[in-house]
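Hi,

Here is the structure I promised to pass on.

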Amino acid sequence: GSGAAPTPFVPIRRPVSPTSQPQEIANYETGRTRSPAWSPSFNNLQYLPTTNEPTYLRTSAPTETDEPARGSGGTVLPEFGCFPGDALVEIQNEGPKKMKELKVGDLVRVASGNFEPIYSFGHYGPNHDAEFLEIATVGGKLRITSDHMVYERHNGFIPASAVQVGDFLVREMDDQSQLVTAIRTVKASGTYAPFTPSGTFVVDNLVVSSFVQLSQMPFFVSPQWMARAGEFPHRLVCHHLGNDCRKELYDEQGINYYWASLPLKFLNTLQNQNVLLQLFVMAAILLFVMVFSVVEYVITMNPTIRFVTIGVVAAVVQRRFVNKNVIV
């Protein structure tokens, strides 16, 4: 930015793994250096062995006054749904724009061919490197992590790891398909995954999802529907209610802490529970996301229809309440 202070970064404090490779550990509170050791507390700051730079937690999403993202050489992360910083998206009235330059509020082209605002980021890691699948088509190349979903002509939204040579990816839902000709693994800098109201956007001229496939969810449920419906509370706060969600918390991997990281940790923990508990919780989650889907449908429908629907529901509830009082 032009003289503006960059968005603050704060060091991540986390216990050092007893199985980690030897490396310099600095005590954040006192600055004293000591040997790697396990500590149940979160008073240690783990440094990268080659750059001697700490891993950072971004405390807000990008804004117009942000400094440009740092170059490569950052932490190499395990795969998690995202795109590299130099992947291109189309912004209304601006044209192509690199993923690392995106900010909350940008109007990005989505699967329908229209433009929708970015209301948040599921993943924002300007200092991180990652391994991506590079999917080559007759029209270009798409780099995407293996668990992130992309739109395939015959199968709908599927994780990138399920794409095969001979499949067809599309630019927009009604656009001509592009044949997949080759797939390989590459490394690239930056990890980004913007959220849009439709849960889709177009990156490097191909339709992709804003979400990863949730492997913990039942196989008979559409992964795109499940992820988008489950994201409704976040979308309600940031998009439908118009709150400013540029100052959200991101963990050490650049994952949105409250709206992505914690839910994923909960689902992973659930997998270690007994089968009956898993089934009960999954059924409850499905019920909630179905309610979310209906509520959002009502919110986004034609204003007149929405007003009539709310009026009818209110009348039914009031009538039942009156009848209950009469019976009593």
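C245 is buried, because its relative accessibility is 7% (buried means under 20% relative accessible area, exposed over 50% and partly exposed in between, with a 1.4 Å probe and protein chains only). Before going further: this is a predicted model, where local features need pLDDT of at least 70 and side-chain atom pairs count only at pLDDT 80 or more, while totals for chains, interfaces and linings use all residues. Residues are numbered from 1 along each chain as its sequence is written, and side-chain values use heavy atoms, with hydrogens and water left out.

Back to the cysteines. C245 is joined to C238 by a disulfide, with 2.0 Å from S to S; the term stands for a pair of cysteine sulfur atoms within 2.5 Å. By that rule the count is one disulfide. The link between C238 and C245 is left-handed, at -95 degrees about the S-S bond. C238 also counts as buried, because its relative accessibility is 7%. As for C82, a relative accessible area of 1% is why this cysteine is buried.

Next, helix α4. Helices (H or I, at least four residues) and strands (E, at least two) are DSSP runs, numbered from the N terminus. Helix α4 covers residues 275-300, which makes 26 residues. From first C-alpha to last, α4 reaches 37 Å, close to the 38 Å expected at 1.5 Å a residue (the expected span is 1.5 Å times one less than the number of residues).

Which residues of α4 are buried? They are V281, M282, I285, L286, V289 and E296. An α-helix has 3.6 residues a turn, so residues three or four places apart point the same way. The cover over the buried residues of α4 includes α1 (223-230), α2 (232-240) and α3 (257-270).

Now for the strands. β11 (residues 120-137) and β12 (residues 140-144) run antiparallel and are joined by five bridges; two strands pair if DSSP finds at least two bridges between them. A hairpin of two residues links β11 to β12, and T137 sits opposite G140 in β12.

Finally, S177 belongs to strand β16 (residues 177-195). S177 counts as buried because its relative accessibility is 17%. Apart from neighbours within four places in sequence, S177 is in contact (heavy atoms within 4.5 Å) with R153, F168, L169 and V170.

Cheers
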